[in-house]
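Work through the exercises below with the sequence and the structure side by side. Try each task before reading its solution.

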Amino acid sequence: MNCSYLDNSATTPLCSAAYQKMTEVLENNFGNPSSLHKLGMEAEKCVNEAREKIFSALGAKKYGKTKPQMLVFTSSGTEANNLALIGAATAKERLKGGKIIVGETEHPSVIETAKYLASRGFRIAFIPSPRGIWDMERFRAELTNDTILVSAMLVNNETGALNDISAITETAKKKNPDVIIHCDAVQGFLKLSEPLAALPADMITISSHKIGGPKGVGALFIREKLITSKSIAPFVHGGGQESGMRSGTENTAGIAGFGAAAEYASQNVSQTLDLFYALRFLTERLIAEKLPEVKLNTPDGYYAPHIISATIPGIRSETMLHFLSSRGVYVSSGSACSSNSGHKSHVLRSFGLSDKETDSTIRISLGVQNTVQDIENLVNALGEGISSLSRITKQR
C-alpha cells in the first residue's frame, strides 16, 4: 500500500487469510446453502465453519454455549443493530409503548432505529456522554420498571471512548431484571483484550470489514435465553435462513471471509494491542512536540487505543482531509457512515466540543498494517497542512 491509510475505523484492508478463503469458496463452493444436494451442503458447511470460527473469536466457547442460532449473519453491522432493536422491541405485543434507552453518541444505525421505534409508539430516552462516557446519574434517572431495552456502544467510533457495559447492565437489571441489553461492539471486536462474550449484554453486534474481512457481512450474537423465550423477532421474512432470524440466501463467500478474518485476528490480539498502544503513544508524543496547537480529545476513563480524535483550530476538517489526501495520508472527519451528510457530529457535541471545534476535528484510526512511518507521514503532513492552510485562511 503506497499511502498512509489511517482510516481503519471506516474500513480495513482485506487480510490475506480472508482473501484466500473467499477465493477458494468463490471457485469451489458456489452452491446455495439451503439446497439439499452436495453443492448446497458444501456451501452450508462453509457457513457453519465460519460461524464456529467467529464463536471462538467472540470467546463464546468459554463464556457461553455455542448453538448456531445464537449467531445471526446479516449484511452489515447496521442491519444487525436494526435486528437487535426492532427485533427485541416488537417481539411481544405487551412491549408496545415500553421505554427504550440508548446512548446519545451511538452509531446512526442505532440512533435512527430508535427514532423509528419512537414513531411506532415506544418511548425513547437518549443518555449524554460528556468526555465520551455515559452519564450514569442521568441513566439511573431515566430507568423505569417498563424499560424494555437498553442499547450501549462498547467503543465509540469517533472518539474511542469505552463504555462500562457491565455497570450499565447491572444498573438496568436492578431496575428491571427482564430488560434486554444490546451492545454495538463493531469497533471493539478483536481490538480489546477481553473477549466480547464476556460482556453481560444479551445481544452483541459485530462487523466483518472492521477486522480485515470483506464488506457486506455483519452478525448479531444473541444469548440463547432470548431465543428460547422468543424475546427477539425477525424483521426480514422469507425462506427462514439463519434459524428463521434473517431470511435470504447467505453470502457464502463473504461469511467465509469473515470467519477467516476473525480466526486470524483472534490469534494476534495481543500483538495487535501492543502495536496500537505503541503507535498511539508515538502519535500523541509527536503531535505534542511538533504541533502544540492541535488538541487531542482524550476520553475520560478507559478508551480503546486505536481511535484518536484531534481538533485543529481554525481549519475545517474537510479542508484538512483533502490536503492530507493530496499527500497520500488518509484519515476521517468522523464516522464514514455520516461524513457526507454535512451534519455536525452528534458524538463530538455530546463529548463537549463546540460546533466550531467539531467542524475542525479529524479522526485517526489505526490498523494492523500501520507502521511508524505512517505516523511520521501523518504528523509531517499535518504540520505542512496547518502552515499552508492557516496562511490561506488569514489571507481571506
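**Exercise 1.** Is Arg 131 buried, partly exposed or exposed?

*Solution.* Step 1: take the cut-offs, where buried means under 20% relative accessible area, exposed over 50%, and partly exposed in between (1.4 Å probe, protein chains only). Step 2: the relative accessibility of Arg 131 is 29%, so Arg 131 counts as partly exposed. Step 3: locate Arg 131, which sits in the loop between strand E4 (123–127) and helix H6 (136–142). Helices (H or I, at least four residues) and strands (E, at least two) are DSSP runs, numbered from the N terminus. Step 4: read the backbone angle; phi of Arg 131 is positive, near 55°, and the residue is not a glycine.

The model is predicted: local features need pLDDT of at least 70, side-chain atom pairs count only at pLDDT 80 or more, and totals for chains, interfaces and linings use all residues. Residues are numbered from 1 along each chain as its sequence is written, and side-chain values use heavy atoms, with hydrogens and water left out.

**Exercise 2.** Where does Glu 242 lie, and is Glu 242 buried or exposed?

*Solution.* Step 1: Glu 242 is in the loop between helix H8 (224–228) and helix H9 (252–266). Step 2: its relative accessibility is 6%, so Glu 242 counts as buried. Step 3: phi of Glu 242 is about 55°, a positive value although the residue is not a glycine.

**Exercise 3.** How many disulfides are there?

*Solution.* Step 1: a disulfide is a pair of cysteine sulfur atoms within 2.5 Å. Step 2: by this rule the count is zero. Step 3: check Cys 3, which is in no disulfide, as the nearest cysteine sulfur, that of Cys 15, is 18 Å away. Cys 3 is partly exposed at 24% relative accessible area. Step 4: check Cys 15, whose closest cysteine sulfur is in Cys 46 at 16 Å, too far for a bond. Cys 15 is buried, with a relative accessible area of 14%.

**Exercise 4.** What span does helix H2 (residues 38–58) reach, and which of its residues are buried?

*Solution.* Step 1: the expected span of a helix is 1.5 Å times one less than its number of residues. Step 2: H2 has 21 residues and reaches 30 Å from its first C-alpha to its last, close to the expected 30 Å. Step 3: the buried residues of H2 include Ala 43, Cys 46, Val 47, Ala 50 and Ile 54. An α-helix has 3.6 residues a turn, so residues three or four places apart point the same way. Step 4: after H2 comes Gly 59, with a positive phi near 85°.

**Exercise 5.** In what order do the strands of the seven-stranded open sheet stand?

*Solution.* Step 1: two strands pair if DSSP finds at least two bridges between them. Step 2: the order is E2-E8-E7-E6-E5-E3-E4, with mixed pairing. Step 3: the edge strands, each pairing on one side only, are E2 (71–74) and E4. Step 4: strand E3 (residues 99–103) pairs with E4 in the parallel sense over five bridges, and Lys 99 has Arg 123 in E4 as its bridge partner. Step 5: helix H5 (residues 108–119) packs on the sheet, touching E3, E4, E5 and E6 (contact means heavy atoms within 4.5 Å).

Definitions and conventions:
Axes are lines fitted to C-alpha atoms, for helices over the stretch in contact, and angles run from 0 to 180 degrees between N-to-C directions.
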